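Welcome to this short briefing. Please take a moment with the sequence and the 3D view, and then we can walk through the details together.

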Amino acid sequence: MEATGRTALHVCRAVFILTVVSSEFIHIPTLVHHGIQGDSLSLSVKTFFPLDEVDIQGTWSHTKPSGTRTTMVTFTKETTIFDMMHQDNLVFKEPNLSLKIKLLNPEDEGDYHLNLNIQFHNKTGMVIKEERTVHVTVDVPVSTPVIEKSPSYAVIEDKANVTWKCSVETGTRVVFQWFRDNVALTRSDRYHFSRNNSTLFISPVRKEDKGSYWCVASNPVSHGRLSRALELNVYYGPYNLEVNSVQGLRTGEVFTINPGELVFFECQADSNPPNSYVWISKSHNATQVIKEGPRLEVRSYTLAHSEEYLCRAFNNVTQKQEEAQFTLLVASFGTGKEKHTQEGSSVSPLAAIIVCSLFVISCMVLFFLRRTCHPKRVLMTIYKRPFSEQKRKPRSGHEDATEDFGIYEFVSIPGKMESAQASCRSLARLESIQDMHTTIYDVIRHVPETPSHSLLK
């Protein structure tokens, strides 16, 4: 029974040893450290073995960028020996084998090597070797960068070069980056940078180079520090010269207007500083300057008349100029302008005048008819008759000839009709149609005192 227990214990120890051999005994979380000059720095180490069950022996050494190697610490479980040149600036933490540098100096840069030998108590003669390397840099934080421009004044495109410089008072291993209007600048045919990008050279300067410039400085221990912005003013142009007008009908470079229409033309171009403008009239192979300034007013009354004009823009600084030519044609095109220029536009002035004239004439006709026909009076006369008279049957004029017997006289009465002299039935029939004529006739009846028998026969 005892022999079986010992066998099981040896098997467990063997499995443990094999597991330990194939696993990682130490671990360094950070293999690259960016230290700040004057601060402390810890090279941390994590161990994965029980310290009371092993014997250890190791060293921390430092290799400078120049290649010089120095052993900083030699240690075992019981003793720690420091290099006398560095013992005042080092702290060794025995439980986890970490090394701390109290005060970083530029001389502390380089690679730090940890060499460790591990021997387990239960495995005599078996030594496990572990090595790790940590890279350390020491830098000075970056101060706020300062930007400079040469020349400091505005420049003319295609004729000048500009040099930008970005510098810092403090900082090591500083890297610079340039921006214009929030856009990072990169190397191109006209943009040239120094090795660390501290200098930007633009040759030659063009219109698109104008804007606000600044630089950003950074290093391993400082995030980007921004400089103040400087403006680059570039004189350029004129470019994209155009002649426009809100009046008339435009077809290509031809403006068509109605006779007597006042037209305003605007001449515009992209330029810095602003251009000076000149308007020139071209006729019979001769040119004449008619106005200076960006605006021209033209009014013409001659039909089928055309004239050529030219707008010339000149930049006094760049000494460049550009011209735009157009033709003005006078033609009566009525509402055609509205049909070509925009849909659903208002009626032309000529159509408005015609509509107004028709309305006035209609009002005059209605007023004249009202003054002469009196429709209201006729209706009132009809409705004032006795009901029996309104309902009686129409007469042919021969039912009672004796009542109509007599001598009749027609009298023309201008103006309003006065029917006091008319007979009852005859006058009523006339009044019912008086609104259909402009001349009104009155009927006067002369009844003879004693009618003749011969006439009755």
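**Cysteines, strands and cores**

C215 counts as buried, because its relative accessibility of 0% falls under the 20% cut-off. Please keep in mind that this is a predicted model. A search of the whole structure turns up two disulfides, and C215 belongs to one of them, with C166 as its partner.

**The C166–C215 disulfide**

- The sulfur atoms of C166 and C215 are 1.8 Å apart.
- This pair links distant parts of the chain: C166 sits in strand β14 and C215 in strand β19 (residues 211–219), 49 residues apart.
- The disulfide is right-handed, because the torsion about the S-S bond of C166 and C215 is about 55°.
- C166 is buried too, with a relative accessible area of 4%.

- Which residues of β14 (residues 162–167) lie on its covered face? They are V162, W164 and C166, while T163, K165 and S167 make up the uncovered face.
- Strand β12 (residues 146–150) runs antiparallel to β14, and five bridges join the two.
- In that pairing, S167 of β14 has V146 opposite it.
- Strand β18 (residues 199–202) also pairs with β14 in the antiparallel sense, here over four bridges.
- At this pairing, V162 faces I202 of β18 as its opposite residue.

**The C267–C311 disulfide and other cysteines**

- C267 and C311 form a disulfide with their sulfur atoms 1.8 Å apart.
- Counting bonded cysteines along the chain, the disulfides follow the pattern 1-2, 3-4.
- C356 is partly exposed, at 48% relative accessibility, and C363 is also partly exposed, with a relative accessible area of 35%.

**Nonpolar cores**

- In soluble globular proteins, nonpolar side chains tend to be buried together.
- The largest nonpolar core here has 28 residues, and those that touch the most other members are L43, F49, I56, W60, V73, F75 and I118.
- Several strands each supply at least two residues of this core, among them β3 (41–43), β5 (54–63), β6 (69–76) and β11 (127–139).
- Which strand gives the most to this core? That is β10, with five residues.
- A second, separate core has 22 residues, including I147, F193, V205 and V234.

**Backbone features to look for**

- The peptide bond from S203 to P204 is cis, with omega near -15°, and P204 is in the loop between β18 and β19.
- G237 and P238 are also joined by a cis peptide bond, with omega about 10°; P238 lies in strand β22 (residues 234–244).
- L97, in the loop between β8 and β9, has a positive phi near 65° although it is not a glycine.
- L97 counts as buried, because its relative accessibility is 1%.
- D181 is another residue other than glycine with a positive phi, near 50°, and its place is the loop between β15 (175–180) and β16 (183–184).
- D181 is partly exposed, with a relative accessible area of 41%.

Methods:
Residues are numbered from 1 along each chain as its sequence is written. This is a predicted model: local features need pLDDT of at least 70, side-chain atom pairs count only at pLDDT 80 or more; totals for chains, interfaces and linings use all residues. Side-chain values use heavy atoms; hydrogens and water are left out. Buried means under 20% relative accessible area, exposed over 50%, partly exposed in between (1.4 Å probe, protein chains only). Two strands pair if DSSP finds at least two bridges between them. A disulfide is a pair of cysteine sulfur atoms within 2.5 Å. A nonpolar core is a set of buried Ala, Val, Leu, Ile, Met, Phe, Trp, Tyr and Cys residues joined through side-chain atoms within 4.5 Å.
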